[in-house]
Amino acid sequence: MADRKREPLDKVLVIIPTYNEVENLESVVGRLREAVPAADALIADDNSPDGTGAIADRLAAEDDHIHVLHRAGKEGLAAAYVAGFRWGLENGYDVLVEMDADGSHRPTFLPAMLAALENADMVKGSRWMRGGEVVDYDLAREWLSRLANIWIQAVMDLPVHDSTGGFNAFRASALEAMDLDTIASKGYTFQVDLTRRVIENGGTVAEVPISFPDRQLGESKMSGSIITEALRRTAGWGYEKRSAQLRQLAGRASTRIKPLLGSLKDQVDRAR
């Protein structure tokens, strides 16, 4: 990972994927512009049939800080973020931020996240660390999220409280160190994948506590297939990590044992 002290953090791009967010988009963008006036926004719209793309175009025409990336169709949140990352890197942004359009990611927490990025490569807005909270969640959904993060910490040994959270800020260098073409995960697993890649590349992940309200308007994108994918992929990543750790342990043990065996053999030979 590059020397963080030498990297500028002045040019910030907030990526906002949209699909049928006509009820939320204008309000979310307005709050973002108030919270971090110097930041730019990229609305990545997956050809929403409800007219979200037209609202995005109007907002961009009214404000030079707002840009729109029109995509051919609905390909999912992860694909929209990856497309946004590529756009941001190609246009020379120093910091790239993931922020949902449903209103759950409050822009008022973004200044604290950007400040924490001074000493990190990735900053996560965390619901499950001390000081974080969820608001208006039903009990089943809250415990599903809590247990998912406990599962990930256990099977992957990932030192993060809220690895599934999607309110994240990255240094450009952290994303450049990843091979974005190899990211195939979707849903909440996508956020886990990005987090583990930063850590495996030698980067530092910090967390900032946030208040996370449930979506008030529109429909949630959560599905059973997303949960199934998360369990399958995280178990696979955990197996890979544990296997690598065991191989390293075996290698170190072999390195230490070989001289001892050699010394023992010499002693036996001299005793004959």
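Strand E2, helix H2 and strand E3 make a right-handed β-α-β unit; a crossover is called right-handed if, with the strands pointing away from the viewer, the path from the first strand over the helix to the second runs clockwise. Helices (H or I, at least four residues) and strands (E, at least two) are DSSP runs, numbered from the N terminus. The model is a predicted one, in which local features need pLDDT of at least 70 and side-chain atom pairs count only at pLDDT 80 or more, while totals for chains, interfaces and linings use all residues. Residues are numbered from 1 along each chain as its sequence is written, and side-chain values use heavy atoms, with hydrogens and water left out.

Within this unit, E2 (residues 40-45) and E3 (residues 66-70) pair in the parallel sense over 5 bridges; two strands count as paired if DSSP finds at least two bridges between them. Leu42 has His67 in E3 as its bridge partner, and Asp45 stands opposite His70.

Turning to the whole sheet, 7 strands form an open, mixed arrangement in the order E3-E2-E1-E4-E7-E5-E8. E3 and strand E8 (205-209) are the edge strands, each pairing on one side only. From one strand to the next, the twist averages 20° (angles run from 0 to 180 degrees between N-to-C directions, with axes fitted to C-alpha atoms, for helices over the stretch in contact). Helix H1 packs on the sheet, touching strand E1 (12-18), E2 and E3, and its direction makes about 170° with that of E1. H2 also packs on the sheet, touching E1, E2 and E3, and its direction makes about 150° with that of E3. Contact here means heavy atoms within 4.5 Å.

The two helices also meet each other. H1 (residues 25-35) and H2 (residues 52-62) pack at an angle of about 30°, with their axes 10 Å apart. They are therefore roughly parallel, a term for angles under 35 degrees. Leu25, Glu26 and Val29 in H1 meet Thr52, Ile55, Ala56, Arg58 and Leu59 in H2.

Technical notes: Angles under 35 degrees count as roughly parallel, over 145 as roughly antiparallel, 65 to 115 as roughly perpendicular and the rest as oblique.
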